[in-house]
Amino acid sequence: NKSNCQSSKIMYIPQSKDTVQKALHAMMLDQFKIGYLWKLGNIQYENNRWDIPASALPVLDSLVTLMKEQPLIVELGSHTDSRGSYKKNLILSQQRAETAAAYLVSHGIDPNRITAKGYGATRLLNRCAPGVPCTEEEHQLNRRTEVKVTGFTAKQKETDNIDPDLFNEGDKINKMLFPKGFFIDPK
């Protein structure tokens, strides 16, 4: 019977307490360990040039943002291709590293958190050693700047060495297996 049923319209209005919060940025530090190294994409230096191409500015801006959010100390390591003399390539790569570091400093990053290091052609990514015929694209792969984490401005919390895979659902866990201070005493 239609008269026994009442119509209702339910509308959900999200409340601020329902909003999923972002994970704390400090959690990202798990991926940034000392020695962690990555290539800055889009910094494709022209042959014999150390100025930063306009296409690389968004990448450097992202590094600025990351360094403002994370207490990283980094080395900017720049590289050349194998063409040119050893000494010239070391100088050129040092100029590239210093130009990238200067950009970060000009955007508010403390210069004490950045080391600029030129490696010349000592760390090639491919077969393009001196005298080996290579395409311009192959040489371009070696003209790069990399970021390496060398330290932190704040002491990092040591990760607790508890493997959750050791415990199954419903298992009782011995409180002594947890690190000191893991549980807060509700006194």
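User: Hi! Which residues are linked in a network of salt bridges here?
Analyst: Asp81, Arg83, Glu136 and Arg143 form that network. Keep in mind that this is a predicted model.

User: Good to know. How many salt bridges does the count come to?
Analyst: The count comes to six salt bridges.

User: Let's take Asp81. What does its side chain meet in a salt bridge?
Analyst: Asp81 pairs with Arg143, at 2.7 Å from N to O.

User: And where do Asp81 and Arg143 lie?
Analyst: Asp81 is in the loop between β2 and α2, while Arg143 is in the loop between α3 (136–142) and β4, so this pair ties together parts that are 62 residues apart in sequence.

User: Is that pair, Asp81 and Arg143, buried or exposed?
Analyst: Both Asp81 and Arg143 are buried.

User: OK, what about Glu136, which residue does it form a salt bridge with?
Analyst: Glu136 pairs with Arg83, and their closest N and O atoms are 3.2 Å apart. This pair also links distant parts of the chain, with Glu136 in helix α3 and Arg83 in the loop between β2 and α2, 53 residues apart.

User: Stepping back, what does the secondary structure of the chain come to?
Analyst: There are three helices and four strands. Along the sequence they follow the pattern β-α-β-α-β-α-β.

User: What share of the residues count as buried?
Analyst: Of the 187 residues in the protein chain, 28% count as buried. The accessible surface is about 13500 Å², and 55% of that belongs to carbon and sulfur atoms.

User: And what share of the contacts join residues at least 24 apart?
Analyst: That share is 73%, taken among contacts between residues at least 6 apart in sequence.

User: Now helix α1. Which of its residues are buried?
Analyst: Val59, Leu60, Leu63, Val64, Leu66 and Met67 are buried in α1. Down the axis of α1, these buried residues fall within an arc of 165 degrees, so they line one face of the helix.

User: Why would residues three or four places apart point the same way?
Analyst: An α-helix has 3.6 residues a turn, so residues at that spacing point the same way.

User: How many residues does the largest nonpolar core have?
Analyst: It has 23 residues, and those with the most contacts inside it are Leu40, Leu60, Leu63, Met67, Leu76, Leu104 and Ile114. The elements giving two or more residues to this core are α1, β2, α2 and β4. The most come from α1, which gives six residues.

User: Last one: what does Leu40 touch?
Analyst: Leaving out residues up to four places away in sequence, Leu40 touches Val59, Leu60, Leu63, Thr145, Glu146 and Val147.

Technical notes:
Residues numbered from 1 in each chain as written. Predicted model: local features only at pLDDT ≥ 70, side-chain atom pairs only at ≥ 80, totals over all residues. Heavy atoms only, no water. Buried < 20%, exposed > 50% of the residue type's maximum accessible area, 1.4 Å probe, protein only. Contact = heavy atoms within 4.5 Å. Areas by Shrake-Rupley, 256 points an atom, 1.4 Å probe, with all protein chains shown as cover. Arc of directions from axis to C-beta. Core = buried A, V, L, I, M, F, W, Y, C linked by side-chain atoms within 4.5 Å. Salt bridge = Lys/Arg side-chain N within 4 Å of Asp/Glu carboxyl O.
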